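Q: Got a structure to go through with me. Can we start with how residues get sorted into classes, then look at the details?
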Amino acid sequence: MDQVKSATEQQTMLHILVTGANSGLGFSICCRLADEFLSSHPESESLTIIFTTRSARKAQDTIHRLEAHLQSTSPSTSAAARVHFVSESVDLGDLRSSTLSPRLDSIVLNAGLGGWSGINWPRAIWDVCTDLLHSVTWPSYKLAPTGVLTGKQTKTEEEPALGAVFCANVFGHYMLAHNVAPLLKRARTNGPGRVVWVSSLEATWNFFNVDDIQGLRTDAPYESSKALTDILALTSNLPSTVPWSVDSFLQSETELDTHAVHTDAPDATPRMYLSHPGICATSIIPLVLPLAWAMVAAFWAARMLGSPWHTLSTYLGACAPVFLALASQADLEAAEEPYHRAGGGGRAKWGSSCGRLGIESAVSTEVDGWGHGGVVGAPVVEADRLRRRKRGAKDLTKEKREEFEELGRQCWKQMEELRIQWDEILDQAEARS
């Protein structure tokens, strides 16, 4: 990796990290980052995509496939010289592996674990046959065990429990983002460094319990973890959460961070953004081939019936996270400006959307307790008002917004306490080894 950096240091302008990139959405995010960078940035700029996998074999295979994609979409030698792929080995279920040291402009936190054990087939068949559009957008027939833990992180007997899905989807990313915050503070090319969380449409408030933040007592740990992701990202810049989100989480005691604090401008604080890929046809739930094709057919039917979220392909699903990672700061601020202008607005949840013809775009997504961009009342953007809503969705009230903010404060406080606890556990384990 050092050789790659030294050879390209002069021309490389952007460094973007993508977790979980060996297949599915993560791989497509890398492909789309390369494609959109080459089509939107001048030839004087170049891009280094740093992707994470859990093994050297997967890393080499991923590099070969990414280079083949780049060759097929941009066959010129100048394009190949402007985009570089670098692999890092990170297992988000192993907190000790979350140590990276490149320069970074954005990180896309995509890797994750579904944690499902199967499907309630009678209910699934009934729901799809009687209520197709809703059932393939917000399904209620996936089955998951409760209380699944990660493998032990240390050899300490009294090590506290750590939920497997929670760690893979939220806490592993949380620790990683904290560790690389000093590098994000050095971002200059595209504005302040960015932490782009990848969530899900299934991240609804009713799946989350702040007293069970790791989702160990719920039979919907995936949905709980994604709801927590939404809460953390959307409240990250609120005055009530800043003592934990900015003053603690985005700070570090490393020598690199000490340098950054003294040399960086006040606006160098990394920004957090929230995305989701819509509904993609992936193998996150393994299905035999006939059932996989049936799933694709159901998703396509939902799109034809007017669903704005059935992107089907992971490349289309990568639209929103790539937009947040690659767009200029001016473009991001312009996209969120209507919500701020309305008064009291904040971060929006940006989702990959497409119409019947498969033309994709990144659009605001309604969130329970937060609405569109945290604006109380009816949506202020016409496109948000016209987009099909989840059944039973109601306009955001002042009371619900206040509840969401308080939930964010509690979540940030608990997450920082948990991070500090695990930092101490891992430091002690390393000292004993």
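A: For the classes, Ala, Val, Leu, Ile, Met, Phe, Trp, Tyr, Cys and Pro count as nonpolar, Asp, Glu, Lys and Arg as charged, and the others, Gly among them, as polar. Keep in mind that this is a predicted model.

Q: OK. How many cavities of 30 Å³ or more are there?
A: The count is 4. The largest cavity holds about 70 Å³ of space.

Q: Which residues line the largest cavity?
A: Its lining consists of Glu-366, Gly-371, His-372, Val-375, Gly-377, Ala-378, Pro-379, Val-380, Arg-389, Asp-395 and Leu-396.

Q: And how does the lining of the largest cavity split by class?
A: There are 5 nonpolar, 3 polar and 3 charged residues in that lining.

Q: Switching to helices. At what angle do α2 and α3 pack?
A: About 35°, with the axes of helix α2 (residues 24-40) and helix α3 (residues 56-73) 10 Å apart. Their crossing is right-handed.

Q: Which residues meet there?
A: From α2, Phe-27, Cys-30, Cys-31, Ala-34, Asp-35 and Leu-38; from α3, Thr-62, Arg-65, Leu-66, His-69, Leu-70 and Thr-73. The residues of this contact divide into 7 nonpolar, 3 polar and 2 charged.

Q: One more: Ser-248. Where does it lie?
A: Ser-248 is in helix α9, which covers residues 242-249.

Q: Buried or exposed?
A: Ser-248 counts as buried because its relative accessibility is 18%, and the cut-off for buried is under 20%.

Q: What does Ser-248 touch?
A: Leaving out residues up to four places away in sequence, Ser-248 touches His-178, Pro-243, Glu-416 and Arg-419.

Terms used. Residues are numbered from 1 along each chain as its sequence is written. This is a predicted model: local features need pLDDT of at least 70, side-chain atom pairs count only at pLDDT 80 or more; totals for chains, interfaces and linings use all residues. Side-chain values use heavy atoms; hydrogens and water are left out. Helices (H or I, at least four residues) and strands (E, at least two) are DSSP runs, numbered from the N terminus. Buried means under 20% relative accessible area, exposed over 50%, partly exposed in between (1.4 Å probe, protein chains only). Contact means heavy atoms within 4.5 Å. On a 1 Å grid over the protein atoms alone, a cavity is a set of points where a 1.4 Å probe fits but cannot get out, and a pocket is an open set with protein on both sides within 12 Å along at least five of seven lines; lining residues have an atom within 4 Å of a point. Grid points are joined across faces, edges and corners, and a volume is the space filled by probe spheres set on the points. Axes are lines fitted to C-alpha atoms, for helices over the stretch in contact, and angles run from 0 to 180 degrees between N-to-C directions. A crossing is left-handed if the near helix is turned anticlockwise from the far one by less than a right angle, and right-handed if clockwise.
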